[in-house]
Amino acid sequence: MILAMILSMNRSFALLAALILLGGCQSLTSSAPDGTPPVEETSPAAAAPQPDTYASFTQETLLALLTAELAGQRNRFDIAIDNYVQQAQATQDAGVAERGFRIAEYLGAEQAALDTALIWAKNAPGNLEAQRAAAIQLARAGRYDEAMAYMEQVLQGKGDTHFDFLALSAMETDPDTRAGLLQSFDRLQSKYPDNGQLLFGKALLLQQDDRPQEALELLETQSAKQDEIPPLLLHVRLLQSLERGAEALPLLQQGIRLHPDDKRLRLTYARLLVEQGRMDDAKGEFTTLLQQFPQDDDLRFSLALVCLEAEAWREAIVYLEELIERDSHVDAAHYNLARAYEALDEKDSALIEYALVGPSDDFLPAQARQAQLLFDGKRPAEASRRLSQARTTQPDYAIQLYLIEVEALASHQQHEQAWQLVQQALEQFPDDLNLLYTRAMLAEKRDDLELLEQDLRFILEREPDNSMALNALGYTLADRTKRYAEAKELIEQALRLNPQDPAILDSLGWVNYRLGNLDEAERLLRQALQRFPDHEVAAHLGEVLWARGKQREARKVWANALKQQPDSTVLRSTLLRLTGSETF
């Protein structure tokens, strides 16, 4: 109906279309679903073609453009963008193409944005914004050489370039593509050696190519703009990646003096202070930041965590309670409040806070700490009740909650209760590999090696590369049977999968001891203990040293381990078996 009426008014059609196109930005702005305009506010001339250009448009084109604007008012952006792309291609008009590009960019229509940006740039060769838009869209499409050509036009026109965007857009590409883009940067750099934006973009590309030293050297050239914030922040990141974080501190201090209100610089400086272990200084910086940006709850949370690291427990509690009052980071705030109360030996308050942690990344750690506190406080029945209730209210976490309770029971020598609970859990989740692994470990304590092997073999049938199950089975065969060759093969397979795991090194050392390869056993167990100073590893190494006639060194290894874990039954039983006494 509306379009029929418009078509009947041929004499006023061109003027009507021009007026609607000139008001196009406002029309689409008012109809955006979330109230956000699809384009930045621009002058009418930038938003649509000039009125005197409409004389060259056909009635079909004018109707299509008018329909697009009316569609935009009614939130039919699909019609709006389709019409604008078609007419940009048909008319090759810069104003129509720009309008289409703005709408496409707002909608995230990548192909339409690329098509209209290229038409806009082609028909407005002197418009630096058009050339820059084409370069960025080409980079998004992975057409980097073409993007660089357009960006060079922006560079020649002394406009702001986006070489950093070109470099960042290549992050996920293959090495050959990045190498080609780097060659384009090199070519432009030879022509424009003093262009800081070009140097910054190339440094970003070198960083992505895992060449931090070259990127750093490029930024540190005299041409690099060290007083600008993005290059300075990249400089800092490069120093950190090269483990030279201390050198970045004065750079950031200088940057803050030049840009005292820049949040990124202050935040980077504060985080670097944390990395350097300067907690009191970091706390001061985060406090300043929060004073500058009092509504930023991410800063408030960061400050609370820094206070916890600095053992400023009461101060941390203030900020964490503020977060809860502001309904921000609520679960994390409750969890860390509990940590603070634990440190202050206020166990009941800690338990209250742990119980308030809802489904989140902190839920399971909170449940584990709550259980540990209750077991340590001789309240195992309450711990079990709370965990059972949590399994009911949060069924998605049921398996992990079973594992938490089983581990707590086993660590407090309540092996029969742990056994009954894992059996209960497996009735509900019969094929869960974590539960089966846990039952296998409990079966070993019950001397039920047949069930242990059955469960571990079940796991390995489904996950042949499960290094933990391979190691557990291999170690048990080496320690509790005489199937040493089979044990060694399993452990070596685990080590191939996870060569840095000290537990596997310990197992391999132990099976070599069982096989009589004492030199190799000592070598492997020394490596394991160095990487992981565990009481069981120390017991094994001490036993090998004892067998080799190095009793004095064996006693020293055991003594050091007992200082760290005086209640170790493994160490005590080893001492008793070899020396006749559990003490020295």
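## Helices α25 and α26

Let's start with a left-handed crossing, the one between α25 and α26. By class, eight nonpolar, four polar and one charged residues make up the contact of α25 with α26. In that sorting, Ala, Val, Leu, Ile, Met, Phe, Trp, Tyr, Cys and Pro are nonpolar, Asp, Glu, Lys and Arg are charged, and the others, Gly among them, are polar.

Helix α25 (residues 398-411) packs against helix α26 (residues 415-428) at an angle of about 165°, and their axes are 8 Å apart. So α25 is roughly antiparallel to α26. On the α25 side, Y402, E405, V406, L409 and A410 take part, and among their partners in α26 are H415, L421 and Q428.

## How to read this model

Keep in mind that this is a predicted model, where local features need pLDDT of at least 70, side-chain atom pairs count only at pLDDT 80 or more, and totals for chains, interfaces and linings use all residues. Residues are numbered from 1 along each chain as its sequence is written, and side-chain values use heavy atoms, with hydrogens and water left out.

Helices (H or I, at least four residues) and strands (E, at least two) are DSSP runs, numbered from the N terminus. Axes are lines fitted to C-alpha atoms, for helices over the stretch in contact, and angles run from 0 to 180 degrees between N-to-C directions. Angles under 35 degrees are called roughly parallel, over 145 roughly antiparallel, 65 to 115 roughly perpendicular, and the rest oblique. Contact means heavy atoms within 4.5 Å.

## Helices α23 and α24

Next up are helix α23 (residues 363-376) and helix α24 (residues 380-393), whose axes come within 7 Å and cross at roughly 160°. That makes α23 roughly antiparallel to α24. The crossing of α23 past α24 is right-handed. F363, Q367, Q370, A371, L374 and F375 of α23 touch P380, E382, A383, R386, L387 and A390 of α24.

## Helices α33 and α35

Helix α33 (residues 535-547) and helix α35 (residues 569-579) cross at roughly 15°, with axes coming within 9 Å. The two helices α33 and α35 are therefore roughly parallel to each other. Their crossing is right-handed.

E346 and R314 join their side chains in a salt bridge (2.6 Å, N to O). E346 sits in the loop between α21 (330-343) and α22 (347-355) and R314 in helix α20 (residues 313-325), so the pair ties together parts that are 32 residues apart in sequence. The count of salt bridges comes to 40, each being a side-chain nitrogen of Lys or Arg within 4 Å of a carboxyl oxygen of Asp or Glu.

Over residues 502-535 the chain is 82% helix and 0% strand.

Technical notes. Left-handed = near helix turned anticlockwise from the far one by under 90°.
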